[in-house]
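Please look through the sequence and the model below before reading on.

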Amino acid sequence: MIPAAFVLLDAFPLTPNGKVDRKALPAPQAERQIERVLVAPRSELEQRIATVWREVLHLEHVGVKDNFFDLGGHSLLIVEDPRPALRGTESASSR
């Protein structure tokens, strides 16, 4: 896993016991916004995948160049509710 943000410190704040004082750590600064170019889905498969991502991630727009994990997704999201991913497949209709 890659951290979402890095904060450079001269030294870690410590508790009286010598452990890292997590409450005293500075909050990361707001992320810089990277201009995102939305590339719309072109094929039926791209459209179906984008629809699933929009439903699972609760987003309004998803493009073919977007990264599922960068948009806030993780491996358990599809497992929590597989219905959006199965909608329209033969295996889903036989259940």
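Where does Leu 9 lie? Leu 9 is found in the segment before α1. The model is a predicted one, and the values in this report were computed from it.

**A surface patch**

Leu 9 has a relative accessibility of 35% and is therefore classed as partly exposed, since that class runs between 20% and 50%. Leu 9 also belongs to a nonpolar patch on the surface, together with Val 7, Phe 12, Leu 14, Val 20 and Leu 25. The accessible area of these residues together is about 510 Å².

**The nonpolar core**

The largest nonpolar core has 8 residues: Ala 50, Val 52, Trp 53, Val 56, Leu 57, Val 62, Phe 68 and Leu 77. Helix α1, which covers residues 44-57, supplies 5 residues, the largest share of this core. In soluble globular proteins, nonpolar side chains tend to be buried together.

**Aromatic rings**

Two members of the core, Trp 53 and Phe 68, also take part in ring pairs. There are 2 aromatic pairs in the structure, listed here.

| Pair | Centre to centre | Angle between planes | Arrangement |
|---|---|---|---|
| Trp 53 and Phe 68 | 5.2 Å | 55° | tilted |
| Phe 68 and Phe 69 | 5.5 Å | 85° | edge-to-face |

The pair of Trp 53 and Phe 68 links distant parts of the chain. Trp 53 is in helix α1, while Phe 68 is in the loop between α1 and α2 (76-80), and the two are 15 residues apart. Through the ring pairs, Trp 53, Phe 68 and Phe 69 are joined into a cluster.

Which of these residues are buried, and which is exposed? Trp 53 and Phe 68 are both buried. Phe 68 counts as buried because its relative accessibility is 12%, under the 20% limit. Phe 69 has a relative accessible area of 55% and is therefore exposed, the limit for that class being over 50%.

**Glu 55 and its contacts**

Glu 55 is another residue of helix α1. Its relative accessible area is 32%, so Glu 55 is partly exposed. Which residues does Glu 55 contact, leaving aside its neighbours within four places in sequence? Glu 55 is in contact with Pro 84 and Arg 87. In sequence, Glu 55 and Pro 84 are 29 residues apart, and their C-alpha atoms are 6.9 Å apart in space.

Definitions and conventions: Residues are numbered from 1 along each chain as its sequence is written. This is a predicted model: local features need pLDDT of at least 70, side-chain atom pairs count only at pLDDT 80 or more; totals for chains, interfaces and linings use all residues. Side-chain values use heavy atoms; hydrogens and water are left out. A nonpolar core is a set of buried Ala, Val, Leu, Ile, Met, Phe, Trp, Tyr and Cys residues joined through side-chain atoms within 4.5 Å. Buried means under 20% relative accessible area, exposed over 50%, partly exposed in between (1.4 Å probe, protein chains only). Helices (H or I, at least four residues) and strands (E, at least two) are DSSP runs, numbered from the N terminus. Rings of Phe, Tyr and Trp (its six-membered ring) pair if their centres lie within 6.5 Å; planes under 30 degrees apart count as stacked, over 60 as edge-to-face and the rest as tilted. Contact means heavy atoms within 4.5 Å. Patches are made of residues with over 30% relative accessible area and no salt bridge: like charges are joined within 9 Å, nonpolar side chains (Val, Leu, Ile, Met, Phe, Trp, Tyr) within 5 Å. Accessible areas come from the Shrake-Rupley method with a 1.4 Å probe; for residues, only the protein chains shown count as cover. A salt bridge is a side-chain nitrogen of Lys or Arg within 4 Å of a carboxyl oxygen of Asp or Glu.
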